[in-house]
Amino acid sequence: MTELVSRAQGVRFDELALATRNHGMQLEGMRYDITPIGMHYLLIHFDIPEIDASSWRLRVTGYVERELELSLDDIRSRPAATLPVTLECAGNGRTRMDPRNVSQPWGLEAIGTAAWTGTALGGILDDCGIRDEAVEVVFTGADRGFQDNVEHNYQRSLSIDECRRPEILLAYEMNGAPLPPQHGFPLRLLVPGWYGMTSVKWLRNIEVVDRPFTGLQQASAYRYQRDADDPGVPVSRIKVRALMIPPGIPDYPSRRRTVDAGAVRLRGRAWCGTSPVVRVEVGVDGVWQDAHLERSVAEFAWCSWSYTWQARPGEYLLGCRATDAEGNVQPAEQFWNRLGMGNNLIQEVPVTVR
Ligand SMILES: Nc1nc2c(c(=O)[nH]1)N[C@H]1C(S)=C(S)[C@@H](COP(=O)(O)O)O[C@H]1N2
Ligand SMILES: [Mo]
């Protein structure tokens with residue numbers, strides 16, 4: 001069972017060990033359209049598996065007309081596409097939950113936008129011929145471990161309809177270089193618009209199945225639940241969120257901000273996996289004004305925003321909030337689901353103006 005720990009009890013060593021293995025993106029990294037490799041956040045449940053690219057094969061099995069076994073060269077010789085995609089971990093922002101679920105203790109930095117190169121998943125499924133009985137496709141990574149006392153390889157599924165979306169890639173490059181080991185070498189699934197857990201790294205098997213997949217990472221780990229008895233609903237697409245690059249200069253180690261009085265250009269990024277971002281507002285002590293919103297870097301990538309704040313000396317609480325094309329706006333108070341998944345509470349940045 002997932003243990004709960006309260007904030008009052010402090011940070012546990014296992015949380016700290018996870019936090020040093022799985023780093024976030026420094027928020028000032030939002031200045032780059034494409035996050036440099038090494039700054040992109042990381043989430044690795046088990047160990048990075050050791051894979052020899054020359055003997056590695058991707059197997060496509062199950063309810064198909066023809067099973068396939070593809071080498072990395074086979075995959076690289078297929079039609080290729082490069083897509084800038086913003087990924088966010090479904091647990092981003094979870095440390096503000098109290099008591100919180102013991103897991104990777106993210107602040108707000110579990111984000112990144114990379115240019116991923118790969119071949120369309122749909123093309124491979126067409127080549128193997130999906131049979132009529134098929135309902136889902138299960139993606140299996142080479143990494144294995146225990147979670148909630150269940151030993152398993154990291155696995156997730158997607159419906160057949162979802163798999164047909166043209167933007168879903170089997171990616172072998174990140175920012176023009178072969179995938180680094182920590183991001184899924186030699187091949188990963190990349191599902192634009194969905195929270196990161198869907199994009200299975202170290203992919204080794206694609207199995208077409210005739211019933212919904214009930215593996216741990218699908219049926220219990222990524223769900224919006226009220227409590228342990230609530231079956232809940234699956235976590236899927238990324239909810240609307242804006243973040244700001246913390247302005248001015250930080251204090252070490254508290255990271256509290258100090259800025260000089262006068263015109264302060266605030267900037268950041270906003271993204272959403274269900275519809276375009278249509279508005280970003282900046283709040284200064286709870287008074288909200290529209291920020292200037294620029295076009296997205298690409299359809300599935302974040303957009304930039306900026307706002308000029310006339311800062312006078314004093315203490316302030318800055319915030320930013322985005323609205324998507326369906327009218328969803330980030331909440332000022334979060335309703336926390338049991339595992340702290342998919343929250344999009346407004347970021348707050350305390351600032352001293354001198
Ligand atoms: N095989 C495998 N795939 C995985 C994971 C994992 O632990 N194992 N973590 C998932 C989660 S929860 C996230 S948020 C993203 C993180 O991708 P990144 O580390 O490349 O940023 O990978 C997903 N794919
Ligand atoms: Mo994640």
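Predicted model: local features only at pLDDT ≥ 70, side-chain atom pairs only at ≥ 80, totals over all residues.

**Stop 1: the cavity.** The structure holds one cavity of 30 Å³ or more. Select Leu43, Arg188, Gly196, Ser199 and Lys201: of the 20 residues lining the largest cavity, these are the closest to its centre. About 250 Å³ of space lies inside the largest cavity. Now use those classes: the lining has 12 nonpolar, five polar and three charged residues.

**Stop 2: the ligand.** What sits in the largest cavity? Ligand 1 does. Show everything around ligand 1 and you'll get 18 residues, the closest being His45, Asp143, His183, Arg188 and Lys201. This shell divides into 10 nonpolar, five polar and three charged residues.

Next, zoom in on some polar side-chain atoms:

- His45 puts one 2.8 Å from an oxygen atom of ligand 1.
- His40 has one 3.4 Å from an oxygen atom of ligand 1.
- Asp143 has one 2.7 Å from a nitrogen atom of ligand 1.

How much of the accessible area that ligand 1 has on its own does the protein cover? The protein covers 100% of that 530 Å².

**Stop 3: a pocket.** Select Leu27, Pro246, Arg255, Gln347 and Glu348. Among the 19 residues lining the second largest pocket, these lie nearest its centre. About 560 Å³ of space lies in this second largest pocket. Which strand gives the most to its lining? Pick out β24, residues 347-353, which supplies four residues. By class, the lining of the second largest pocket splits into six nonpolar, six polar and seven charged residues.

Stop 4: Go to Pro99, in the loop between β4 (81-88) and β5 (100-101). The peptide bond from Asp98 to Pro99 is cis, with omega near 0°. Then jump to Pro253, in the loop between β16 (249-250) and β17 (257-259). A cis peptide bond joins Tyr252 to Pro253, and omega there is about 5°.

Last, select Trp202, in the loop between β11 (188-190) and β12 (203-209). Is phi of Trp202 positive or negative? Phi is near 50°, a positive value in a residue other than glycine.

Notes: Residues numbered from 1 in each chain as written. Chains lettered and ligands numbered in written order. Heavy atoms only, no water. Near = heavy atom within 4 Å. Polar contact = N/O pair within 3.5 Å; in protein donor to acceptor, adjacent residues only side chain to side chain. Areas by Shrake-Rupley, 256 points an atom, 1.4 Å probe, with all protein chains shown as cover. 1 Å grid on protein atoms, 1.4 Å probe; cavity = no way out; pocket = protein on both sides within 12 Å on 5 of 7 lines; lining within 4 Å. Sits in = over half its atoms within 2 Å of the grid points. Nonpolar A, V, L, I, M, F, W, Y, C, P; charged D, E, K, R; others polar. Points joined across faces, edges and corners; volume = space filled by probe spheres on them. Helix = DSSP H or I, 4+ residues; strand = E, 2+ residues; numbered from the N terminus.
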